[in-house]
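Reader: Please set out the fold, the core and the side-chain pairings of the protein shown below.

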Amino acid sequence: MFENRTILLQNTDKWGAIYSADWQSLIGIDRKRFNCEHYRIRDGVMRIAANAFLGCESLKSIYIPDSVIIDDGCLCERCNNLEYARLSKNMRYPGIAMFN
């Protein structure tokens, strides 16, 4: 008999950002590896998970491509060095807490 198991398939880019297996969702970052000042989210990403860059002190700017339509909130919470964010023109729910 098979046990119930959840298998999370994901991809990680060379900077340590973690994406879904189909590259359509940005899940978060590998906090041990990610040390990027200026990050561009991959074209084709449609969703960004809540708290994806939570507490990322190295991040100074972020580029969110127009393919992103949903932000689950608090994208860059406690990113104290963030100076610039280019947002998607097509984002449906850019929450006020996006950069809390």
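The questions and answers that follow go from the whole chain to single side chains.

Reader: What is the basis of the model and its numbering?
Author: This is a predicted model, in which local features need pLDDT of at least 70 and side-chain atom pairs count only at pLDDT 80 or more, while totals for chains, interfaces and linings use all residues. Side-chain values use heavy atoms, with hydrogens and water left out, and residues are numbered along each chain as its sequence is written, from 1.

Reader: How many helices and strands does the protein chain have?
Author: Helices (H or I, at least four residues) and strands (E, at least two) are DSSP runs, numbered from the N terminus. Along the sequence the pattern reads β-β-β-β-β-β-β-β. The count is zero helices and eight strands.

Reader: What percentage of the residues of the protein chain count as buried?
Author: Buried means under 20% relative accessible area, exposed over 50%, and partly exposed in between (1.4 Å probe, protein chains only). The accessible surface, from the Shrake-Rupley method with a 1.4 Å probe, comes to about 6,500 Å², and 49% of it belongs to carbon and sulfur atoms. Of the 100 residues of the chain, the buried share is 39%.

Reader: Which residues have the most contacts inside the largest nonpolar core?
Author: A nonpolar core is a set of buried Ala, Val, Leu, Ile, Met, Phe, Trp, Tyr and Cys residues joined through side-chain atoms within 4.5 Å. The largest such core has 21 residues. The elements that give two or more residues to this core are strand S2 (17-20) and strand S3 (25-29). Those with the most contacts inside the core are Leu26, Tyr39, Ile41 and Phe53.

Reader: What separates the C-alpha atoms of leucine 26 and isoleucine 48?
Author: Leucine 26 belongs to strand S3 and is buried, at a relative accessible area of 1%. Apart from residues up to four places away in sequence, leucine 26 has contacts (heavy atoms within 4.5 Å) with residues including Ile41, Ile48 and Phe53. Leucine 26 and isoleucine 48 are 22 residues apart along the chain, and their C-alpha atoms are separated by 4.8 Å.

Reader: What is the distance between the C-alpha atoms of isoleucine 29 and leucine 54?
Author: Isoleucine 29 is also assigned to strand S3, and its relative accessible area of 9% makes it buried. Leaving aside neighbours within four places in sequence, isoleucine 29 touches Gly16, Ala17, Ile18, Phe34, Ala52, Phe53 and Cys56. Isoleucine 29 and leucine 54 lie 25 residues apart along the chain, with a C-alpha separation of 8.6 Å.

Reader: Why is the pair of tyrosine 39 and phenylalanine 53 classed as it is?
Author: Rings of Phe, Tyr and Trp (its six-membered ring) pair if their centres lie within 6.5 Å; planes under 30 degrees apart count as stacked, over 60 as edge-to-face and the rest as tilted. The rings of tyrosine 39 and phenylalanine 53 have centres 5.9 Å apart and planes at 55 degrees, so the pair is tilted. The pair links distant parts of the chain, with tyrosine 39 in strand S4 (residues 38-40) and phenylalanine 53 in the loop between strand S5 (47-48) and S6. Given the angle of 55 degrees, the class is tilted.

Reader: Which residues form one aromatic cluster?
Author: The whole structure holds five aromatic pairs. Both tyrosine 39 and phenylalanine 53 are buried. One aromatic cluster is formed by Trp15, Phe34, Tyr39 and Phe53.

Reader: Over the face of which residue does arginine 42 lie?
Author: A charge sits over a ring if NZ of Lys or CZ of Arg is within 6 Å of the ring centre and within 35 degrees of the ring normal. The charged end of arginine 40 sits over the ring of tyrosine 63, at 3.8 Å from its centre. Arginine 42 lies 3.9 Å from the ring centre of tryptophan 23.

Reader: What is the N to O distance in the salt bridge of arginine 86 and aspartate 66?
Author: A salt bridge is a side-chain nitrogen of Lys or Arg within 4 Å of a carboxyl oxygen of Asp or Glu, and the whole structure has two. In one of them, arginine 40 pairs with aspartate 43, their closest N and O atoms being 3.9 Å apart. Arginine 86 is buried at 15%, whereas aspartate 66 is partly exposed at 27%. The salt bridge between arginine 86 and aspartate 66 has an N to O distance of 2.9 Å.
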